[in-house]
Amino acid sequence: MPISTPVSQAGPWDVFVPYSGLHLVSVVVCFAVIAALVLLARRLNKTAERRLRQAMTVFAIAMWAAYNTVWNWNGIDLRDGLPLHICDLGGLLAPTALLTLNRWLRATLYFWAIALTSQAFIQPTLTYGPTSFLFWFFWIAHTIIFGYAIYDIAVLRFRPDWGDFGRASLVTLGYLAVVLPIDIGFGANYGYIGNPASAKAIPPFVAALGPWPGRVIIIAGLVGLAFLLALLPWLVCARVLARSPT
C-alpha cells in the first residue's frame, strides 16, 4: 500500500525523501537480504529448503497481518485502508506461491514483482522515516514480494514462458475488473487506477499520465509492456538454448 501521509513538524529521521541517501541505503539493504536468503537456500538439501520456505511463509503472513493492523490502527478508511493494492495482495501471493508451487500463482508473482513491485524500490510512495514502524513495514513488505520472486527463479528454477505471461495477464485483468468499480464507488485509488478527490492521493508518476479515465488505459498499456519486458530475457534464453548443440 502507498505510504504518502505527510508528517508535520518532523525531524530528519521522521521523514523519508525519495532519491536521498536513506533511499539508497534502504534499497541496498533490501537487496542484500534477498541475496543472502538465496545463497543460504542454494546450500540446503531439499528437506531443509522446504522447511525454510515454510518459515518464509509464516514470516510473510505475519508481516502482512501486522502491516495492515498498524496501518488501520485508528480505524479503516475504505478509501485507503483495504489491502487491495497490487503489493498488498502480493504480500499473500508471494508466500502462497512458494509454498504450493502452483503455476498460476508463481506466474502472477513473477510478473507482478518484476514489473510492478520493483517500482517501489525506484519511486517509493513513502514519507515516513525510520522512527515510524510504517517505514520498516514498507520496505519489508516489498522485499518479501520481490525477494520471493527472485527466490523462485534462483532457487526453485521457475522459468516464465508465454503461458505464464497469459496467466499473469488474465489475473491482472481480473484484478482490474474488481478494483476499478471499488475505486469509483469509494473515491479510492487502489491499483492507482482510481480518480480520488484529493490530488495528494495520486503519486506524481501516475498524475503525469494525464487525467482520469484516460490514464487508466495508459496504465494498462504500460503494465502490458512491462510484462513483455519481464518475459523477454527468458524468451532469449530459451532461443539460445534451443540453438545450442546437445
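How many of the 22 residues of helix 6 are buried? The count is 18, so helix 6 is largely enclosed by the rest of the structure; buried means under 20% relative accessible area, exposed over 50%, and partly exposed in between (1.4 Å probe, protein chains only). This is a predicted model, in which local features need pLDDT of at least 70 and side-chain atom pairs count only at pLDDT 80 or more, while totals for chains, interfaces and linings use all residues. Residues are numbered from 1 along each chain as its sequence is written, and side-chain values use heavy atoms, with hydrogens and water left out.

**Helix 6**
- Helix 6 covers residues 133-154; helices (H or I, at least four residues) are DSSP runs numbered from the N terminus.

**Aromatic pairs**
- Rings of Phe, Tyr and Trp (its six-membered ring) pair if their centres lie within 6.5 Å; planes under 30 degrees apart count as stacked, over 60 as edge-to-face and the rest as tilted.
- By this rule the count comes to 17 aromatic pairs.
- Tyr110 and Phe111 form an edge-to-face pair, with 5.0 Å between centres and 85° between planes.
- Tyr110 counts as buried at 5% relative accessibility, and Phe111 is buried at 0%.
- Phe111 also forms a tilted pair with Phe227, at 5.3 Å and 45°.
- This pair links distant parts of the chain, as Phe111 lies in helix 4 (residues 103-117) and Phe227 in helix 9 (residues 214-243), 116 residues apart.
- Ring pairs also link a cluster that includes Phe135, Trp136, Phe138 and Trp139.

How values were computed:
Helices (H or I, at least four residues) and strands (E, at least two) are DSSP runs, numbered from the N terminus. The expected span of a helix is 1.5 Å times one less than its number of residues.
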